[in-house]
Amino acid sequence: MTTPVTTSGNGQDRPVILEARNLKKYFPVTRGIVLARVTGYIKAVDGVSFQIRAGETLGIVGESGCGKTTTAKMVLMLEQPTEGSIYYNGQDIYQADEAGRKEYRSSVQAVFQDPWSSLNPRMRVKDLIAEPMVINWQLSKPEIRERVLELLQEVGLSSYHANLYPHEFSGGQRQRLAIARALSLNPKIIVLDEPVSALDVSIRAQIMNLLKDLQSEYNVSYMLIAHHLATVRYMCNWVAVMYLGQVVELAPVKELFDNPLHPYTKALMSAALPSHPDTEQEEIILTGEVPSPLNPPEGCHFHPRCPFVMDQCSHVIPETKEITPNHWVSCHLY
C-alpha cells in the first residue's frame with residue numbers, strides 16, 4: 001500500500017525539497033550460525049510516500065515499532081531502502097554520484113532524542129560544533145570560531161560555553177548544543193527524532209519555541225518523529241500517522257486533529273490528554289497487541305484490533321483515498 005504524496009495546504013508556492021516514493025525496508029530474519037538461511041523478513045517500512053516542503057514540518061506519529069525511526073534513517077542515508085526512492089531537489093539520492101551524496105548529507109542533518117549519546121564527551125563544545133564545518137567546508141580557523149560563537153548565541157547559549165565539555169551542561173542545554181551542531185552546515189532539512197521527549201516538561205516548551213524560531217530564521221524544514229501529540233500539534237504543518245510500517249492517514253495538522261478519520265488515529269487521539277480539562281472526548285480502547293512485522297495481517301494491517309472491522313478488511317488491502325482536500329486515509333470505511 002503506497003501513501004500519497006502531499007500538496008501544500010497553506011503554502012502552495014513552497015517548493016518540494018524532499019520526496020519519498022513507496023519506501024520499503026525489510027530486514028532478513030536468519031536461522032543458523034554456520035549455514036545461516038533466511039526464514040523471513042521483518043517489514044519495518046512497507047510502502048511509505050510523502051513530501052517535505054521548504055520551511056514546513058512533517059510530523060510522523062505512531063506506536064513504538066511502527067517504522068518511524070527506520071523511515072528517518074532512510075532519509076538520513078543510515079539505512080538503504082529495500083525498495084523505493086528518495087528525491088532531493090528532484091534527484092534520486094541513491095542514484096546520485098559521490099558529490100551529489102555528499103551535498104545531500106550536508107543538507108540533511110539530525111537531532112536525536114538523547115543528546116548525551118550524540119555528543120562526544122571528550123570534545124569541547126567549540127570542536128563539536130566546528131567538526132562538520134572542518135570536514136565539509138574550506139574555512140579559516142577565525143571564520144570557524146566566529147561561526148561557532150554565532151551558533152551558540154542562536155540557540156540561547158553564551159560564548160564562554162565554547163570551552164566547556166558536554167558533561168558540564170544540563171539536558172536541555174545539551175539539546176541546544178545538538179541543535180547548534182545540526183545547524184552548522186546551513187541544512188535544508190533537519191530530522192528531529194523525539195527531540196524533547198527526554199527533557200523535563202519545563203524545558204520542552206523552550207526547545208520547541210527555539211526550533212520554531214530557527215525554522216523561521218533559516219527557512220529550514222523539519223521531519224519530526226514524536227509520540228507526544230501535543231508536540232506534534234504545536235510544531236507541525238503536516239502529520240502522517242503510521243501503523244505497522246504503513247501510513248494510514250495523512251493531513252494538515254489542524255484537519256487531522258479536528259477531524260481524524262482512520263480508527264487508529266481516533267484511538268491515538270482518545271489516548272492523549274485533552275488540551276483543556278473540561279474537554280470531553282470519545283474513549284476508544286483497542287483490543288489485542290500490535291501484530292508482528294515479521295508476519296503482518298493480510299488485508300488491512302489494523303483489522304485485528306479495529307472496532308469497525310468488516311469482512312473485506314481481513315483480505316482486501318484498502319486503497320488510499322483523498323476524502324477531503326489534502327486529507328488522505330487508507331480505510332474501507334471511506
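1. **Ground rules.** The model is predicted, so local features need pLDDT of at least 70 and side-chain atom pairs count only at pLDDT 80 or more, while totals for chains, interfaces and linings use all residues. Residues are numbered from 1 along each chain as its sequence is written, and side-chain values use heavy atoms, with hydrogens and water left out.

2. **Main core.** The largest nonpolar core has 56 residues. A nonpolar core here is a set of buried Ala, Val, Leu, Ile, Met, Phe, Trp, Tyr and Cys residues joined through side-chain atoms within 4.5 Å. Buried means under 20% relative accessible area, exposed over 50%, and partly exposed in between, with a 1.4 Å probe and protein chains only. Ile 179 and Val 239 touch the most other members. Helix α6 (residues 171-183) gives the most to this core, six residues. Helices (H or I, at least four residues) and strands (E, at least two) are DSSP runs, numbered from the N terminus. In soluble globular proteins, nonpolar side chains tend to be buried together.

3. Which residues does Ile 179 contact, leaving aside neighbours within four places in sequence? They are Val 111, Val 155, Ile 207, Leu 210, Leu 211 and Leu 214. Contact means heavy atoms within 4.5 Å.

4. **Helix α4.** The buried residues of α4 are Val 125, Leu 128, Ile 129, Ala 130, Pro 132 and Met 133. Their cover includes α5 (141-154) and α6.

5. **Cysteines.** Cys 306 is buried, at 13% relative accessibility. Cys 331 is buried too, at 10%.

6. **Cavities.** Rolling a probe the size of a water molecule over the atoms shows where empty space is left. The structure holds four cavities of 30 Å³ or more. On a 1 Å grid over the protein atoms alone, a cavity is a set of points where a 1.4 Å probe fits but cannot get out; a pocket is an open set with protein on both sides within 12 Å along at least five of seven lines; lining residues have an atom within 4 Å of a point. Grid points are joined across faces, edges and corners, and a volume is the space filled by probe spheres set on the points. The largest cavity has a volume of about 60 Å³. Its lining includes Cys 306 and Cys 331, along with His 262, Phe 302 and His 332. By class, the lining has nine nonpolar, two polar and no charged residues. Ala, Val, Leu, Ile, Met, Phe, Trp, Tyr, Cys and Pro count as nonpolar, Asp, Glu, Lys and Arg as charged, and the others, Gly among them, as polar.

7. **Second largest pocket.** Its volume is about 520 Å³. The lining has 22 residues, of which Arg 105, Val 108, Gln 109, Ala 110 and Arg 181 lie nearest the centre. Elements giving two or more residues to the lining are α2 (98-107), β6 (108-111), α4 (125-136) and α6. By class there are 14 nonpolar, four polar and four charged residues.

8. **Positive phi.** Most residues other than glycine have a negative phi, and most peptide bonds are trans. Asn 219 has a positive phi of about 55 degrees. Asn 219 sits in the loop between α7 (201-218) and β8 (221-225) and is partly exposed, at 43%. Leu 244 also has a positive phi, of about 50 degrees. Leu 244 is in the loop between β9 (238-243) and β10 (246-252). Buried or exposed? Leu 244 is buried, at 4% relative accessibility.

9. Thr 265 is in helix α10 (residues 263-271) and is buried, at 1% relative accessibility. Not counting residues up to four places away in sequence, Thr 265 touches Val 241, Glu 249, Leu 256 and Pro 260. Glu 322 is in strand β11 (residues 320-324) and is partly exposed, at 40%. The C-alpha atoms of Glu 322 and Glu 249 are separated by 9.8 Å, with the two residues 73 apart along the chain. Beyond neighbours within four places in sequence, Glu 322 contacts His 327 and Trp 328.
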